[in-house]
Amino acid sequence: YSEKDSAKAETTQKYYKENVPYNVAVASMPMEAAARNGAVGFSINGKGYVGLGYDGTNFLNDFWCYDPETNSWAKAPTYPGDAVRYATAFVIDNVAYVGSGEDYDNNILGDFYRFDGNTWTAIQSIGVPRSQATSFVCNGYGYVFGGKNGDPVDAFQRYNPKTNTWEDLRNLKDQSHKSFDDQYINLARYGATSFVLYDGQPDCRAYVA
């Protein structure tokens with residue numbers, strides 16, 4: 001809907017990105033792209049990508065690309081790792097980095113791959129395998145926090161795309177003297193969410209909740 005016009009959008013209408021109101025329905029994924037949960041999504045080169053996940057029977061390793069210029073979906077190159085759900089993804093300089101997750105046999109994985117829109121390439125595996133982690137990008141580095149590997153984990157890693165290396169950062173723990181978080185021993189968690197703001201500063205600020 002639009003704040004000015006609440007009429008329901010037709011998915012067959014021509015899509016003009018320069019005058020799109022908020023929350024306009026766009027083309028559904030094609031029938032051959034299974035409905036799924038536990039998927040990941042990202043955008044590079046002006047297109048959106050959705051892939052991986054679980055369709056209720058099978059774990060998936062396919063990816064699909066949405067083109068806003070044509071309001072259409074197309075099959076993208078298949079993820080080279082195992083079919084997984086609950087992976088995580090982040091984007092640095094128009095290149096996507098996707099990895100971790102759990103496979104059909106409940107194996108918790110730590111492999112990662114970069115994707116430039118055409119080709120998947122294996123990169124250095126993350127130090128602590130996990131599923132259901134949260135990730136974000138700040139000042140040209142990719143960060144992965146938390147997740148689940150049997151129990152929730154408080155591991156915190158930073159990826160440097162220039163050196164293809166992961167750095168272990170200090171685990172997040174309760175170091176506040178405020179009463180609002182006295183129930184926490186540490187901040188191990190899975191299924192968290194995160195976002196980044198620049199707040200008018202040259203350096204970004206990341207928030208995990």
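The structure is a predicted model, in which local features need pLDDT of at least 70, side-chain atom pairs count only at pLDDT 80 or more, and totals for chains, interfaces and linings use all residues. Residues are numbered from 1 along each chain as its sequence is written, and side-chain values use heavy atoms, with hydrogens and water left out.

The chain contains 16 strands and zero helices. Both are DSSP runs numbered from the N terminus, with helices (H or I) of at least four residues and strands (E) of at least two. Of the 209 residues, 39% are buried. Buried means under 20% relative accessible area, exposed means over 50%, and partly exposed lies in between (1.4 Å probe, protein chains only). The accessible surface of the chain is about 12,100 Å². Carbon and sulfur atoms account for 47% of this surface. Areas come from the Shrake-Rupley method with a 1.4 Å probe; for residues, only the protein chains shown count as cover. Among contacts between residues at least 6 apart in sequence, 39% join residues at least 24 apart. Contact means heavy atoms within 4.5 Å.

The largest nonpolar core has 18 residues. Such a core is a set of buried Ala, Val, Leu, Ile, Met, Phe, Trp, Tyr and Cys residues joined through side-chain atoms within 4.5 Å. Phe 42, Tyr 49, Leu 52, Phe 63, Tyr 79 and Val 98 touch the most other members. Two or more residues each come from strands E1 (40-44), E2 (47-54), E3 (59-67), E6 (95-102) and E7 (108-115). A second, separate core holds eleven residues, including Phe 90, Ile 123, Ile 126 and Ala 133. Beyond its neighbours within four places in sequence, Leu 52 contacts residues including Val 40, Leu 60, Phe 63, Tyr 79 and Val 98.

Ser 194 lies in strand E15 (residues 194-197). Ser 194 counts as buried because its relative accessibility is 18%. Its side chain makes a polar contact of 2.8 Å with the side chain of Thr 134. A polar contact is a pair of N or O atoms within 3.5 Å; within protein, one must be able to donate a hydrogen and the other to accept it, and residues adjacent in sequence count only if both atoms are side-chain atoms. A polar atom of the Ser 194 side chain also lies 3.1 Å from the backbone oxygen of Ser 135. Leaving out residues up to four places away in sequence, Ser 194 touches Thr 134, Ser 135, Phe 136, Tyr 207 and Val 208.

Tyr 207 belongs to strand E16 (residues 205-208). Its relative accessibility is 34%, so Tyr 207 counts as partly exposed.
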